[in-house]
Amino acid sequence: MVSVLVIGCLATLGAIVTVLLLFAGGYLWWRHKRSQLQFIEPNDDEENASEVVRLQQPVAATTDLVQETPPPQQNLSPLPTNNINRKLNGFLNIKSPLIGSSNPKTPGGTAEGGNVATVSNQAGDNRSISMIDMYIDNTDPIENVGQIHFSLEYDFQNSTLILKIIQGKELPAKDLSGTSDPYVRVTLLPDKKHRLETKIKRRTLNPRWNETFYFEGFPIQKLQSRVLHLHVFDYDRFSRDDSIGEVFMPLCQVDFTGKPAFWKALKPPAKDKCGELLASLCYQPSNSILTLSLIKARNLKAKDINGKSDPYVKVWLQFGEKRVDKRKTPIFKCTLNPIFNEAFSFSVPWEKIRECSLDIMVMDFDNIGRNELIGRILLAGKNGSGASETKHWQDMISKPRQTIVQWHRLKPE
């Protein structure tokens with residue numbers, strides 16, 4: 001009799017615990033959905049503070065050649081304001097991507113087949129955001145990590161790219177012996193699946209590879225939408241290979257009528273693990289509109305226990321130390337390479353454009369607890385967070401009505 005009572009009590013207790021767990025799970029799910037809705041809900045004062053940026057739909061080019069897109073002859077028809085295209089924090093969240101991704105929440109999406117999207121500003125000036133803008137870092141190297149010598153040739157008859165990796169020079173020492181064991185990994189971006197590697201050269205800082213690689217079945221139009229990526233590594237038998245440096249070569253900039261050879265300085269790997277942000281700036285003096293477009297980020301620092309982050313970007317328009325206007329992007333779940341494709345417009349008079357700045361913070365969203373900063377940059381004409389950020393702002397001022405696109409390394413707090 002006692003055992004029956006004990007079993008009954010345990011069964012009742014188990015049922016109560018199960019019901020409580022179900023209620024707790026439902027409550028947490030409701031809080032999560034509610035927090036997302038609160039995050040993207042626009043404020044009335046912010047809706048009236050800025051104007052809408054209209055983005056042209058991606059153009060499926062007849063060839064893969066990256067080229068300037070002529071200005072449209074007619075204005076774009078107004079976009080419907082429905083649940084997909086709605087105003088978020090004072091701007092129109094347009095789901096048509098800037099760089100040819102069919103799903104803005106898919107990390108690492110790129111324009112396959114050379115699709116090119118354009119940012120069209122109010123003066124009709126367009127600039128292609130292409131493979132070059134996605135991969136090329138125009139900032140000066142922060143340290144010398146050597147050079148690489150290679151040559152390119154194109155066989156027009158067989159549609160074959162011929163790459164010869166010749167040698168490296170003045171590479172840094174990665175081993176205790178004061179030397180390295182370098183090799184080169186070759187990729188034609190964005191086709192990351194097909195990677196080729198040279199042989200490893202033991203104990204040298206000036207390796208001579210003299211190896212030739214053939215990329216067959218690449219018509220010249222398709223080839224000119226690719227970026228050649230050469231990444232030099234130091235081989236380690238018992239640990240992960242160390243990155244020495246890398247080079248990006250847009251093939252649309254190569255004259256294949258000859259057999260060009262190049263000496264290129266290697267770019268060192270980013271030492272801060274905050275990641276990088278691709279952004280564009282454009283200023284329209286005619287209507288005093290400053291437009292910031294956040295295109296994508298890559299290699300963001302993981303903030304969650306699953307090795308990922310839930311990134312979004314928060315932007316403040318500042319005049320001196322005074323914060324004037326704030327914008328936010330939607331949250332992108334479980335990714336370190338989000339594609340934002342979000343544009344913000346601010347009203348800034350021409351006489352004050354040199355006094356203002358944009359404080360851009362990439363954040364990690366958390367359901368419980370405070371959102372964490374992944375990294376930030378300050379775009380300004382005088383006291384930017386770095387030489388790259390200051391130059392970007394000055395280029396925007398010196399080239400009004402043009403869209404200036406640039407990669408920036410995120411800085412920690």
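What share of the 413 residues of the chain count as buried? In this predicted model, in which local features need pLDDT of at least 70, side-chain atom pairs count only at pLDDT 80 or more, and totals for chains, interfaces and linings use all residues, 48% of the residues of the chain count as buried, where buried means under 20% relative accessible area, exposed over 50% and partly exposed in between (1.4 Å probe, protein chains only). Residues are numbered from 1 along each chain as its sequence is written, and side-chain values use heavy atoms, with hydrogens and water left out.

The secondary structure of the chain comprises five helices and 20 strands, taken as DSSP runs (H or I of at least four residues for helices, E of at least two for strands) and numbered from the N terminus. Of the contacts (heavy atoms within 4.5 Å) between residues at least 6 apart in sequence, 67% join residues at least 24 apart. The accessible surface, computed by the Shrake-Rupley method with a 1.4 Å probe and, for residues, with only the protein chains shown as cover, comes to about 21400 Å², of which carbon and sulfur atoms account for 52%.

When neighbours within four places in sequence are left aside, Leu294 is in contact with residues including Leu277, Val313, Phe340 and Ile360.

At the surface, Val2, found in helix α1 (residues 2-40), is exposed, with a relative accessible area of 61%. Gln157, placed in the loop between β5 (147-155) and β6 (160-169), is likewise exposed, because its relative accessible area is 74%. Although Gln157 and Pro219 are 62 residues apart in sequence, their C-alpha atoms are 9.7 Å apart in space.

Among the cysteines, Cys274 is buried, with a relative accessible area of 6%, whereas Cys252 counts as partly exposed, at 24% relative accessibility. A search of the whole structure for disulfides (pairs of cysteine sulfur atoms within 2.5 Å) finds zero.
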